[in-house]
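This briefing is intended to be read with the sequence and the three-dimensional structure at hand. Please keep both in view while following the points below.

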Amino acid sequence: MKALIIISACIFFYAYFVEPNWIEVRALELKLPHLATELSGYKIVQISDIHIDKKMKIKYLNYLFQLVNQQKPDLIALTGDYVTHGYEKFIPNLVTLSQLNPKDKTVAVLGNHDYSSKNHTQAIKQILQETNILNLENAVYSLKRGDAMLHIAGVDDVWKRKDRLDLVLQQLPEAGAAILLAHEPDFADVSAATGRFDLQLSGHSHGGQICLPFFKPPILPILGSKYYKGLYHVGKMIQYTNRGIGFTHLHLRFNSRPEITVFTLVA
């Protein structure tokens with residue numbers, strides 16, 4: 001019994017104090033079938049689910065965004081849930097996003113926690129605008145290298161039924177590789193069926209947050225239980241689910257380290 005208590009205490013200490021602060025920078029090379037050779041080597045850094053609350057200090061946010069900048073991204077993709085529901089008073093801390101410094105642009109979509117109230121949502125959108133971050137609210141951002149184009153699209157939050165993939169497809173040019181940002185990963189079944197996207201980037205699930213080895217996480221959110229962590233192939237589309245930075249409810253992480261993902265695109 002004494003040994004069990006000691007082991008349990010050690011696991012709790014690790015899950016509460018160690019792993020939540022042990023950020024993994026994961027590098028992946030992805031071959032996109034529609035990517036032009038002029039854009040081969042393009043680097044996208046994704047962060048997701050920051051979940052600012054009373055435990056997410058400014059010092060930690062500064063460290064996080066410095067880590068992102070150290071990857072020398074061409075583009076930074078933020079995939080939602082910036083401030084945890086119930087912690088609206090910490091929204092001003094999002095101004096630290098102004099440190100992000102990609103070569104081209106920082107783009108974003110909102111998540112379900114960003115829609116906890118109308119005032120909450122508007123305050124987050126305002127800070128994204130003030131920090132020069134493009135909120136892809138059912139919209140498309142296209143970048144060029146010579147005559148070649150890469151399209152970064154975003155759907156607004158699916159859980160809150162704000163997504164309008166039809167509007168995105170109307171704006172999306174026929175030529176060029178296309179990447180979709182969607183907070184909820186299980187939306188991949190819908191986006192892949194269009195046949196237009198090479199890659200979808202998502203968050204939402206926190207990778208399960210608490211994961212026992214060899215078992216599926218016991219708690220997963222709606223629209224985040226099928227493609228809950230890492231790399232998948234959905235039809236001809238690649239789906240990637242980032243484990244996120246913060247947490248909700250239990251401030252614990254076990255076997256699901258917070259993650260910054262660095263994608264190098266290859267033609």
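The model is predicted, so local features need pLDDT of at least 70 and side-chain atom pairs count only at pLDDT 80 or more, whereas totals for chains, interfaces and linings use all residues. Residues are numbered from 1 along each chain as its sequence is written, and side-chain values use heavy atoms, with hydrogens and water left out. Helices (H or I, at least four residues) and strands (E, at least two) are DSSP runs, numbered from the N terminus. Buried means under 20% relative accessible area, exposed over 50%, and partly exposed in between (1.4 Å probe, protein chains only). The accessible areas come from the Shrake-Rupley method with a 1.4 Å probe, and for residues only the protein chains shown count as cover.

**Salt bridges**

- A search of the whole structure finds 7 salt bridges, a salt bridge being a side-chain nitrogen of Lys or Arg within 4 Å of a carboxyl oxygen of Asp or Glu.
- One of them joins Arg145 to Asp104, with the closest N and O atoms 2.9 Å apart. Arg145 lies in strand 6 (residues 139-145) and Asp104 in the loop between strand 3 (75-79) and strand 4 (105-109), so this pair ties together parts that are 41 residues apart in sequence.
- Arg145 is partly exposed, at a relative accessible area of 29%, and Asp104 is partly exposed, at 29%.
- Lys125 and Glu137 meet through their side chains in a salt bridge of 2.6 Å, N to O. Because Lys125 lies in helix 3 (residues 118-130) and Glu137 in the loop between strand 5 (134-135) and strand 6, the pair ties together parts that are 12 residues apart in sequence.
- Within this pair, Lys125 is buried, with a relative accessible area of 18%, whereas Glu137 is partly exposed, with 36%.
- A further salt bridge brings together the side chains of Glu259 and Arg243 (3.7 Å, N to O). The pair links distant parts of the chain, with Glu259 in strand 12 (residues 259-266) and Arg243 in the loop between strand 11 (237-241) and strand 12, 16 residues apart.

**Surface patches**

- Patches are made of residues with over 30% relative accessible area and no salt bridge; like charges are joined within 9 Å, and nonpolar side chains (Val, Leu, Ile, Met, Phe, Trp, Tyr) within 5 Å.
- For charge, Lys and Arg count as positive and Asp and Glu as negative, while His and the chain ends are not counted. The place of a charge is taken as NZ of Lys, CZ of Arg, CG of Asp or CD of Glu.
- A patch of positive charge on the surface is made up of Lys54, Lys55, Lys57 and Lys89.
- Lys55 lies in the loop between strand 2 (43-47) and helix 2 (58-70), and its relative accessibility of 40% makes it partly exposed.
- Phe13, Phe17, Val18 and Trp22 form a nonpolar surface patch, together with about 400 Å² of accessible area.
- Val18 belongs to helix 1 (residues 2-18) and is partly exposed, with a relative accessible area of 32%.

**A buried histidine**

- His51 is placed in the loop between strand 2 and helix 2. His51 is buried, with a relative accessible area of 1%.
- Not counting residues up to four places away in sequence, His51 touches Met56, Asp81, Tyr82, Val83, Thr84, His113, His206, Gly246, Phe247 and Thr248, where contact means heavy atoms within 4.5 Å.

**Positive phi angles**

- Asn132, a residue other than glycine, has a positive phi near 60°. Asn132 is in the loop between helix 3 and strand 5 and counts as exposed at 55% relative accessibility.
- Arg161 is not a glycine either, yet its phi is positive at about 60°. Arg161 is in the loop between strand 7 (148-154) and helix 4 (165-171) and counts as exposed at 77% relative accessibility.

**Pairs distant in sequence**

- Leu212 and Phe254 are 42 residues apart along the chain, and their C-alpha atoms are separated by 7.7 Å. Leu212 is in the loop between strand 9 (199-202) and strand 10 (230-234), and counts as partly exposed at 47% relative accessibility.
- His233 and Leu199 are 34 residues apart in sequence and 9.2 Å apart in space, C-alpha to C-alpha. His233 is found in strand 10 and counts as exposed at 61% relative accessibility.
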